[in-house]
Amino acid sequence: MEILVCVKQVPGTTKVEVDPVTGVLKRDGVDSKMNPYDLYALETALRLKEKHGGTIKVISMGPPQAAEVIREAYMMGADEGALITDRKFAGADVLATSYTISQGVRKLGSFDLILCGKQTTDGDTAQVGPAMAENLNIPHIANVLSIIEMKEKSIVVEMDMASTVEIVEVQFPCLLTVEKGIFQPRLPSYRKKLITKDREVKMITLKDFDDKNEKNYGLNGSPTQVERIFPPDANSDRETWTGTGEQLGHKMASKLKTLKFI
Amino acid sequence: MEYKKLDAKDIEFLISLLGNDRVYTGEEINEDFSHDEMGGISRIPDVLVDVNTTEEVSKIMKYASDNLIPVVARGSGTGLVGGSVAVFGGIMMNMSKMNKILEIDEENLTLTLEPGVLLMEISKFVEPYDLFYPPDPGEKSATIAGNINTNAGGMRAVKYGVTRDYIRGLEIVLPNGEVLNVGGKVVKNSSGYSIKDLICGSEGTLGVITKIILKLIPLPKKAVSLLIPFPNLDMAISTVPKIVKSKSAPTAIEFMQREVILAAEEFLGKKFPDNSSDAYLLLTFDGNSLEEIEKAYETVANICLEEGALDVFITDTDERKEAVWSARGAFLEAVKATTTDMDECDVVVPRNKVAEFIKYTDELQKQFDVRIRSFGHAGDGNLHVYVLKDDLSDEAWEKKLSTVFEAMYSKSVELKGLVSGEHGIGYAKKSYMKEQYGPEYVALMKNIKLAFDPKNILNPGKICQ
């Protein structure tokens with residue numbers, strides 16, 4: 001079983017301030033950590049390995065200091081790791097990010113199972129995992145609540161569909177994004193830290209990719225244009241609605257139209 | 001001494017002072033006010049009143065003093081030794097409505113507040129100012145005056161000390177109704193007997209605290225906890241003196257056993273990050289940068305591995321801390337949920353005797369065929385040992401409990417420990433304290449009580465009485 005886990009380095013606190021002039025997140029002096037949702041993906045991988053054997057690789061994308069989260073994954077039990085890093089990848093949106101990572105994944109090997117957290121705490125889109133699977137041309141299941149059974153060529157999982165839970169079987173290779181709470185993540189081990197302190201974190205840059213066209217990466221490859229980042233106004237007005245997901249969806253859409261947000 | 005039985009005239013006085021809706025009698029008094037968290041000792045007061053001001057407290061005390069009516073001041077009722085139970089009936093003053101934070105003084109680093117402010121509110125209030133109130137007892141819904149009255153310690157005592165170390169000044173109402181200010185915003189004080197330090201730990205027997213000035217310190221910016229599994233409790237606890245000796249100054253050194261962790265998992269309905277080992281130490285380090293903290297904890301991590309720890313787990317993010325510390329905070333309730341009744345021994349022994357004491361309680365478990373659970377502050381020698389009733393009959397339980405307690409307190413005396421580390425003597429532990437202290441010590445305490453409360457109306461029947 002070859003398992004790949006995707007992890008991201010995110011700000012260590014939710015109290016990140018936005019510079020009112022430049023609209024950029026003030027990251028100076030802010031600690032970083034592994035995206036908490038990714039811990040569940042990594043824990044899922046570790047449990048599967050304990051039961052069924054195999055190897056666990058981790059991959060991340062970010063500036064060179066993001067190698068820290070790979071090291072942290074080593075401290076939890078991952079076998080190998082790589083960081084996709086290149087100045088040319090800066091400013092990537094969901095589309096460019098998922099394409100970049102999928103290029104990196106191809107370089108790292110072939111995998112039976114790719115595991116992601118369901119979303120990150122900084123971007124919060126929950127789209128990069130599924131978009132990667134599309135780029136890799138493999139099936140994916142998002143919001144996996146639990147793993148019911150591992151078979152030789154497939155896996156049976158419970159998937160959260162907001163108002164229903166579906167049980168699905170999916171063939172390997174595939175990608176799963178897992179929900180918080182699928183397993184309680186273990187803590188990083190100081191013993192493993194000592195053992196893995198010299199273990200390599202492989203660096204993957206644009207020149208390692210099959211597709212070396214710069215236009216497909218970073219700001220160039222990102223159709224999303226961010227006009228401005230600003231902290232949301234604190235607003236204590238609230239309305240409470242009840243109903244099914246569908247009813248509430250319609251109600252929300254018409255409300256947003258009334259308010260001319262859409 | 002014969003107290004006056006409350007009559008209609010007394011109730012009338014209280015209503016004239018406080019109004020109808022703050023005076024409760026008979027059925028109107030919630031049963032909760034008849035006991036504290038541990039139960040066992042119970043009596044409903046004759047009248048319960050909500051007080052809002054120092055003046056009201058003063059007038060009630062004056063009236064009670066003139067009429068010889070016993071009075072008990074009560075906070076959240078989270079005590080564990082019956083300290084706030086009105087064992088002679090009379091008037092109970094519910095102090096928990098006096099719950100305003102009055103002033104934060106950033107030039108003197110003090111916080112002035114009313115007695116009913118909850119412990120959990122204090123940290124929430126001061127931390128945005130980058131200030132820190134270090135005492136950290138597990139029960140966060142206790143009131144600050146309750147903490148002061150028991151000199152509560154909590155989990156950071158190893159590095160920061162206990163509640164007494166953070167009291168700058170107090171306003172107290174004496175049993176005769178006079179209002180007295182002791183201490184103040186001053187840092188040093190050699191001006192006669194330190195009454196404020198006497199009030200702290202007096203369990204509501206010397207005066208009623210109506211205002212408090214607390215000392216604050218700059219907030220350490222970062223903290224990391226280490227969860228350290230050991231093959232057995234003996235190895236875990238034997239490592240503690242070596243950690244203390246390393247001078248790396250953790251803020252907390254707690255020990256816990258698998259049974260208690262499993263109980264907490266069941267109680268909270270969520271998993272602890274690791275439950276594969278028999279015993280754990282939980283340490284916290286704080287400081288202003290991660291590098292500084294890392295340096296301190298690596299020394300300790302290496303000591304633990306040399307002493308046979310299976311691993312050292314690093315608890316560095318909010319999510320990880322929550323997973324570990326929420327379980328630690330729930331231990332008492334979780335253990336309680338596994339049995340029908342229990343009682344607690346809160347002894348404190350010299351830090352290098354913790355292992356010996358815990359080993360002894362383990363032997364008692366076998367010797368008396370009773371379940372004993374313990375966890376606590378290995379770093380400051382304060383243990384919380386719980387004897388569980390399970391399916392014993394009331395009679396058999398009483399008998400067994402007193403034998404086991406007798407044995408534990410004798411052991412503690414042998415190890416040069418003391419009866420209570422932080423929960424107090426109250427009503428439940430009086431005999432053990434008297435036994436240890438002997439007549440002269442107790443006579444001195446009685447004379448102190450007499451000096452404050454010559455008519456013996458304030459929380460009578462507690463500590464040395």
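**Helix H2 of chain A**

I looked up what the buried residues of H2(A) pack against, and found strand S2 (9–11), strand S3 (32–34), helix H1 (36–52), strand S4 (55–61), strand S5 (80–84) and helix H5 (190–196) of chain A. Helices (H or I, at least four residues) and strands (E, at least two) are DSSP runs, numbered from the N terminus.

This is a predicted model: local features need pLDDT of at least 70, side-chain atom pairs count only at pLDDT 80 or more, and totals for chains, interfaces and linings use all residues. Residues are numbered from 1 along each chain as its sequence is written, while chains are lettered from A and ligands numbered from 1 in the order in which they are written.

I then checked burial in H2(A), residues 67–76: 7 of the 10 residues are buried, so the helix is largely enclosed by the rest of the structure. Buried means that 20 or more other C-beta atoms lie within 10 Å of the residue's own, C-beta atoms being placed from the backbone; exposed means 12 or fewer, and partly exposed is in between. I noted Glu72(A) among the buried residues, along with Val69(A) and Ile70(A). After the helix comes Gly77(A), with a positive phi near 130 degrees.

**Strand S12 of chain B**

I found 7 of the 9 residues of S12(B), residues 222–230, to be buried, so this strand too is largely enclosed by the rest of the structure. I looked up its partners, where strands pair if DSSP finds at least two bridges between them. S14(B), residues 279–287, runs antiparallel to S12(B) and is joined to it by 9 bridges; there, Phe230(B) is opposite Ala279(B). S15(B), residues 313–315, is also antiparallel to S12(B), over 3 bridges, with Ile314(B) as the bridge partner of Leu226(B).

**Nonpolar cores**

I defined a core as a set of buried Ala, Val, Leu, Ile, Met, Phe, Trp, Tyr and Cys residues joined through C-beta atoms within 7 Å. The largest has 135 residues, and Met93(B) and Ile228(B) are among those touching the most other members. Helix H10 (residues 318–337) of chain B supplies the largest share, 7 residues. Another core, of 60 residues, lies apart from it and includes Ala45(A) and Cys116(A).

**Contact between the chains**

I counted 12 residues from chain A and 16 residues from chain B in the contact.

Notes:
Two residues are in contact if their C-beta atoms, placed from the backbone, lie within 7 Å.
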